[in-house]
Amino acid sequence: MQDFAQSFYLAGQLLISGDPELSEVVALSLRVTASALAISALIGLPLGALLAVARFPGRTALTVLANALMGLPPVVVGLTVYMLLSNAGPLGVLQLLYSPTAMIIAQSILITPIIIALTRQVIADLNAEYAETFRSLVVPGHTAIIALLWDARFSILTVLLAGFGRAIAEVGAVMIVGGNINHVTRVMTTAIALETSRGELALALALGMVLLLIALSVNGAVSLLKGVDRSTAHA
């Protein structure tokens, strides 16, 4: 018990002093996750809106596929990306394995289906209210999608925050494709796993506190945005 208390004390000191190693790991985690989220948003938002509004053969199958891929096992994603980027893989010439770029690719693959599926649901619900108006005004499809995405902006931000929370807490895929290399690909989740296995609990606890703070901030932001969305809807 005394060792645990000492570990918590040392973790607090690391946080208060702004330990360089701690700051480096947190900064890389945020950079990798923000990059993956930006890529996933660029792909997932228009695709989700298209699935919600457009009518074309295979739409139902694509919707089912997007929903199913929300539960992609991270280690399977990590293994797939590893095989693609390894020297023997089709993308091995790019030499991206064990780099932050490989981790961004893995996280993007993990959260893109989440953003597609949740965006589709949000836009489909809104389109049910607006569809008749769009038809009466003969609004082109792409204009309707842009209008729906803008009107659903607070709900879309909630979707993006859900993707951010999923990505930053991920460990299996980034461990496989990043290799947990110090000063290169070590992020919060992989560092916590490593330091715990070494018995170095102070840094693991400090990183865990930062990760918990980020998770609480994301959830707080989601709740706040939902409140703003409800207020806007009733205004």
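Reader: Which residues line the second largest pocket?
Author: The coordinates come from a predicted model, in which the second largest pocket has a volume of about 200 Å³. The residues that line this second largest pocket are L47, L50, L51, F56, L62, L65, A66, L69, T112, P113 and I116.

Reader: Which helix provides the largest share of the lining of the second largest pocket?
Author: At least two lining residues of the second largest pocket come from each of α2, α3 (59-69) and α5 (100-136). Within that lining, the largest share amounts to four residues, and the helix that supplies them is α3.

Reader: How many helices does the secondary structure of the protein contain?
Author: Reading from the N terminus, the elements run α-α-α-α-α-α-α-α-α-α, and the C-alpha atoms fill a box of roughly 70 × 50 × 25 Å along the principal axes. The secondary structure has zero strands, and its number of helices is 10.

Reader: What is the volume of the largest cavity?
Author: Searching the whole structure for cavities of 30 Å³ or more turns up one. For the largest cavity, the computed volume is about 50 Å³.

Reader: Which element gives the most residues to the lining of the largest cavity?
Author: The largest cavity is lined by S29, V32, T33, Q107, A167, I168, E170, V187 and T189. The elements giving two or more residues to this lining are α2 and α7. With three residues, the element that gives the most to the lining of the largest cavity is α2.

Reader: How many charged residues are in the lining of the largest cavity?
Author: The lining of the largest cavity is divided by class into four nonpolar and four polar residues, together with a charged group. The number of charged residues in that lining is one.

Reader: Why is the packing of helix α2 against helix α7 described as oblique?
Author: The axes of α2 (residues 20-53) and α7 (residues 153-168) come within 9 Å and cross at roughly 135°. Because angles of 65 to 115 degrees count as roughly perpendicular and those over 145 as roughly antiparallel, a crossing at roughly 135° makes the relation of α2 to α7 oblique.

Reader: How many nonpolar residues take part in the contact of α2 with α7?
Author: The crossing of α2 and α7 is right-handed. In their contact, L30, T33, L37, A41 and L45 belong to α2, while I156, L160, G163, F164, A167 and I168 belong to α7. These contact residues include no charged ones and two polar ones, and the nonpolar count is nine.

Reader: What is the distance between the axes of α2 and α5?
Author: The crossing in which α2 passes α5 is right-handed, and the contact between these helices has 21 nonpolar, 10 polar and two charged residues. The two helices pack at an angle of about 35°, and the distance between their axes is 5 Å.

Reader: At what angle do α5 and helix α6 pack, and what is the distance between their axes?
Author: The crossing of α5 and α6 (residues 141-151) is right-handed. As for the two values, α5 and α6 pack at an angle of about 120°, with an axis distance of 10 Å.

Reader: Which residues of α6 meet α5?
Author: From the α5 side, the contact is made by T119, I123, L126, N127, Y130 and F134. The contact residues of the two helices divide into eight nonpolar, two polar and one charged. The residues that α6 brings to this contact are A144, A147, L148, L149 and D151.

Notes
Residues are numbered from 1 along each chain as its sequence is written. This is a predicted model: local features need pLDDT of at least 70, side-chain atom pairs count only at pLDDT 80 or more; totals for chains, interfaces and linings use all residues. Side-chain values use heavy atoms; hydrogens and water are left out. Axes are lines fitted to C-alpha atoms, for helices over the stretch in contact, and angles run from 0 to 180 degrees between N-to-C directions. Angles under 35 degrees count as roughly parallel, over 145 as roughly antiparallel, 65 to 115 as roughly perpendicular and the rest as oblique. A crossing is left-handed if the near helix is turned anticlockwise from the far one by less than a right angle, and right-handed if clockwise. Contact means heavy atoms within 4.5 Å. Ala, Val, Leu, Ile, Met, Phe, Trp, Tyr, Cys and Pro count as nonpolar, Asp, Glu, Lys and Arg as charged, and the others, Gly among them, as polar. On a 1 Å grid over the protein atoms alone, a cavity is a set of points where a 1.4 Å probe fits but cannot get out, and a pocket is an open set with protein on both sides within 12 Å along at least five of seven lines; lining residues have an atom within 4 Å of a point. Grid points are joined across faces, edges and corners, and a volume is the space filled by probe spheres set on the points.
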